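This briefing goes through one protein structure by topic, from the whole chain down to single residues. Keep the sequence and the model side by side while reading.

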Amino acid sequence: MKTLDQIAAELTGYDPQALSADTVNAFLAKLVEPVTEVQQVTVFEALGRVLATDIISPISVPPHNNSAMDGYAFDGTQLSPDKGLSLKVIATALAGKAWLGTVQVGECLKIMTGAVMPPGLDTVVPQEFVTLETTPAHCITIPAGVVRPGDNLRLLGEDLLQGQPALRKGELLTPAVLGLVASLGIKTVPVLRRLKVAYFSTGNEILSLGEPPREGAVYDSNRYTVFGLLTRLGCEVIDMGVVRDEPAALQVAFEQAARQADAIITSGGVSVGEADYTKAMMKQLGDVAFWRIAMRPGRPMAVGQIFRDKLASSPYSVRASSSELESNPPGSAILFGLPGNPVAVMVTFLAFVRPALRQMMGCSASALPLLQARSLTPIRKKPGRTEYQRGIVSTAADGALQVNITGNQGSGVLSSMVQSNGLIVLHHHQGNVAAGDTVSVMMFEGVI
Ligand code: AMP
Ligand code: MG
């Protein structure tokens, strides 16, 4: 794994005191590495997991040419553009059971959707287009122009072809992917192990649920939003509660977190001028950079690695004996030290932590897509920083997307996140937005 200095040297314009959102993502993409351990799980268990290897189709889907409609199958070369066609119905082919006869010129087969198409036939006319004749009986007439040769025929392997890659390594197992795997007759799939992420809140003013209210203190909300964000992402969440701003307590928390988790997320204690021990402890236990990001809300963030082998030798270590020291797992846990403000936590998570964790999960698609929407109001914006405003996105009468901002955009106003269904992303160089201008929106409804 690279050191922070090595990564910084690879990036142009890296200034830890004034980082653009794009540079943050570029930095994190170089820092994190995907998990490698593979587990074999059933299709049901695979939802939300990440595929560990390519899957080659063991069969073709569909496994045979078949009818896409309920209708009549025949040889399409008999069609002529300006003349109807009369055919004799000689039998019926049902789905699930191959009909083994042969159909001659002038004949057709009544066929159901999904039924195997007999050799020599290539066209199905839907039943609602034909006229049933009474004389002679068992005959149909197809009017001119209702079908072309080859219509309503599903070809063998048109979805998935035997021997070809059906899915690529890194694919997130969505509902559609589960169905596709099952369509191949595959019962279990190799997935990467779940990413383990430990989280704790810091700050002496932060109360855990169950504690009585106290003057100057606030209840811990970040722990719950981060739990929700991580769970929706498919991570194994290690909840470590609220940690006092004391060196010993912080060290124990980092130690336990780093020992169990691939990544550690904290909130609070990373802003400039914080009179606390959080930053000092991060520095002591790892290779950590303290950033000021040109963004709003957010700005301060600590990023780096907490080294597992540094933990046991620190003064407050709870692991004293040398045998325990030896069993300390090698490597490091990635640290995301988020600011304390509840909206800033969610915004920095969505903008930076989520794509980085996706990469650690081994997932090929990482960033949330940005949509374009018409702003219903003017928005004040300073060029030179990325702003994330809470937006309510809806569909306008003309079918285009439109977006309104929620009222109070303060970085502690969590109700603005509740009211919104997406973030308006005002890019680094962008200035004021006039009503009617198009802005980027990052939708999070259904995603987080
Ligand atoms: P800090 O980044 O530690 O300076 O915190 C910034 C603001 O966020 C302060 O008003 C904190 O009280 C608040 N805050 C920090 N952590 C939490 C938390 N876990 N839950 C709710 N508010 C928090
Ligand atoms: Mg604080």
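The protein has 10 helices and 26 strands. Its radius of gyration is 30 Å, well over the 22 Å that the globule rule gives for 448 residues, so the protein is more spread out than a compact globule. The model is a predicted one.

**Overall dimensions and surface**

- Taken along the principal axes, the box filled by the C-alpha atoms is roughly 95 × 60 × 50 Å.
- Of the 448 residues in the protein, 47% are buried.
- The protein exposes about 21,000 Å², and carbon and sulfur atoms supply 54% of that area.
- Among contacts with a separation of 6 or more, 72% are between residues 24 or more positions apart.
- One pair of residues gives a sense of distance: Ala 248 and Gln 17 are 231 residues apart along the chain, and their C-alpha atoms are separated by 29 Å.
- Ala 248 belongs to helix α5, which covers residues 247–260.

- β23 and β24 form a hairpin with 5 residues between them.
- In the turn of this hairpin, Gly 399 has a positive phi of about 90°.

**A salt bridge that reaches the hairpin loop**

- Which residue meets the side chain of Arg 374 in a salt bridge? The partner is Asp 398, at 3.0 Å from N to O.
- Arg 374 lies in strand β22 and Asp 398 in the loop between β23 and β24, so the pair ties together parts that are 24 residues apart in sequence.
- Arg 374 is partly exposed, at a relative accessible area of 29%.
- Asp 398 counts as exposed, at 54% relative accessibility.

**Other salt bridges**

- The count of salt bridges comes to 10.
- Arg 385 and Glu 387 meet through their side chains in a salt bridge of 2.9 Å, N to O.
- Are the two partners buried or exposed? Arg 385 is buried, with a relative accessible area of 19%, and Glu 387 counts as buried at 4%.
- Another salt bridge links the side chains of Asp 151 and Arg 148, at 3.4 Å from N to O.
- Asp 151 is buried, with a relative accessible area of 17%, whereas Arg 148 counts as exposed at 59%.
- Lys 2, Glu 10 and Lys 30 are linked in a network of salt bridges.

**Strands β18 and β20**

- β18 is joined by 7 bridges to strand β20 (residues 300–307), and the two run antiparallel.
- Within this pairing, Gly 286 has Ile 306 of β20 as its bridge partner.

- Which residues make the nonpolar surface patch of about 310 Å²? The patch is made by Leu 209, Tyr 219 and Tyr 224.
- Leu 209 sits in the loop between β14 (206–207) and β15 (218–219).
- Leu 209 is exposed, with a relative accessible area of 56%. This places Leu 209 in the exposed class, because that class takes residues over 50%.

Note on methods: Residues are numbered from 1 along each chain as its sequence is written. Chains are lettered from A and ligands numbered from 1 in the order in which they are written. This is a predicted model: local features need pLDDT of at least 70, side-chain atom pairs count only at pLDDT 80 or more; totals for chains, interfaces and linings use all residues. Side-chain values use heavy atoms; hydrogens and water are left out. Patches are made of residues with over 30% relative accessible area and no salt bridge: like charges are joined within 9 Å, nonpolar side chains (Val, Leu, Ile, Met, Phe, Trp, Tyr) within 5 Å. Accessible areas come from the Shrake-Rupley method with a 1.4 Å probe; for residues, only the protein chains shown count as cover. A salt bridge is a side-chain nitrogen of Lys or Arg within 4 Å of a carboxyl oxygen of Asp or Glu. Helices (H or I, at least four residues) and strands (E, at least two) are DSSP runs, numbered from the N terminus. Buried means under 20% relative accessible area, exposed over 50%, partly exposed in between (1.4 Å probe, protein chains only). Two strands pair if DSSP finds at least two bridges between them. The radius of gyration is taken over C-alpha atoms; the globule rule is 2.2 Å times the number of residues to the power 0.38. Contact means heavy atoms within 4.5 Å.
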